[in-house]
Amino acid sequence: MTTLMFILGIVVFAVGLLVSIAWHELGHLSTAKMFGIRVPQYMVGFGPTLWSRKKGETEYGVKAIPFGGYIRMIGMFPPGADGRLEARSTSPWRGMIEDARSAAFEELKPGDETRLFYTRAPWKRVVVMFAGPFMNLILAVALFFTVLMGFGITQQTTTVASVSQCVIAQTENRDDCKKTDPASPAAAAGLEPRDRIVSFDGVRTDTWDELSDLIRANPGEEVAIVVERDGREVTLHAEIATNKVAKKDAAGQIVEGEYVTAGFLGFSSATGVVKQDFGESVTWMGDRIAEAADSLAALPGKIPALWDAAFGDGPREPDSPMGVVGAARVGGEIATLDIPPTQQLTMFIMLVAGFNLSLFLFNMLPLLPLDGGHIAGALWESLRRHTARLLRRPDPGPFDVAKLMPVAYVVAGIFVCFTILVLIADVVNPVRIS
């Protein structure tokens, strides 16, 4: 049964992956057609074609390897300086450029001269190339909102899970109380498990972050704490102790291995599934987008640890880069967790949402062959033309993105090597959630 559920989880993630890819390519397709660019193909996946059907001038299909997708637009690159589509050379770099230029004009038909991608205004090309990643961002935001406002997320609450009997500095890393340890303010005040703290020193506390910040900010103060106990409100009095506690960053997250001197009450909070309002959801998503962008920027620095996890005896860190195979494996693990089905569903939705957010950020890198590389080329062309117009110089014409194809091949080679490394790590030393 566990194996069957694991396979089912992988299948569910694979479906989410295919929908995400198809949604991405739909953004490119719809805007390309809106601007009159001819699109011969719309494909989900790579490799051999499993199914296809031609509707109008576009062939729609699904291929065997569900790790990507594409649409083929005619005229992605302008002709060479001599006006020809091909100008072969013995130089391997020149050959790359002209191969790309030639491929851009495949299936050119009479009347297509006005339907080429490169002939569109730079802003239109930016829209076409941005539309794909933007569709992933829209889907990610929609899925995040569905979970945050519809189901809620697991977080610390203001309900008491357990009460510490003494004050122990968190730097000591122990749980047992010694005779020399002072009694904790929570125990002295009579705080009990399952109490829900309603207010602290006259300030209403609806979230754990609010309560935690108030406790930390009031060392040595005598405060009134109102709790809800068995359906009625009870007022307790506590003198907040001064203790060494874990440091929190600007986002309210614990900073591992760093400590500060602050107020201490002496209880652990219970966790629960809490629905977020619109403002809280926007803040939460903003934090996740910032964290994802930081993780993308930090990716090169994680390669040594990833290599050690794949080929050495190093541990696989929870925030280690993870590929499609690793994410599918996580999907399988989610399906086998002994948790309520609604929580499994929300974890699947979060997994697909996170994947779409990563697709958006990754594709926006200003590097060919990514969408961001084509966007950067169109913006550079627009800048050149506007500058020439201001300086009353001749129009420099379209920027030949094909000349950057040697760089694109190098970038693609690096991506392929990195993908293989992540794949090996995902197989031999995967990230686990359970």
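What is the torsion about the S-S bond of C166 and C177, and is the disulfide left-handed or right-handed? The torsion is about -95 degrees, so the disulfide is left-handed.

This is a predicted model, in which local features need pLDDT of at least 70 and side-chain atom pairs count only at pLDDT 80 or more, while totals for chains, interfaces and linings use all residues. Residues are numbered from 1 along each chain as its sequence is written, and side-chain values use heavy atoms, with hydrogens and water left out.

The sulfur atoms of C166 and C177 are 2.0 Å apart, and a disulfide is taken here as a pair of cysteine sulfur atoms within 2.5 Å; by this rule the count comes to one disulfide. C166 and C177 both lie in the loop between β3 (153-163) and α4 (185-189), so the pair ties together parts that are eleven residues apart in sequence.

Helices (H or I, at least four residues) and strands (E, at least two) are DSSP runs, numbered from the N terminus. The two helices tabulated here come within 10 Å of each other, axis to axis, and cross at roughly 55 degrees.

| Helix | Residues | Contact residues |
|---|---|---|
| α6 | 278-297 | W284, R288, I289, A292, A293, L296 |
| α9 | 341-363 | M350, L357, L361, F362 |

Contact means heavy atoms within 4.5 Å. By class, the contact of α6 with α9 has nine nonpolar, no polar and one charged residues, where Ala, Val, Leu, Ile, Met, Phe, Trp, Tyr, Cys and Pro count as nonpolar, Asp, Glu, Lys and Arg as charged, and the others, Gly among them, as polar.

How values were computed:
Axes are lines fitted to C-alpha atoms, for helices over the stretch in contact, and angles run from 0 to 180 degrees between N-to-C directions.
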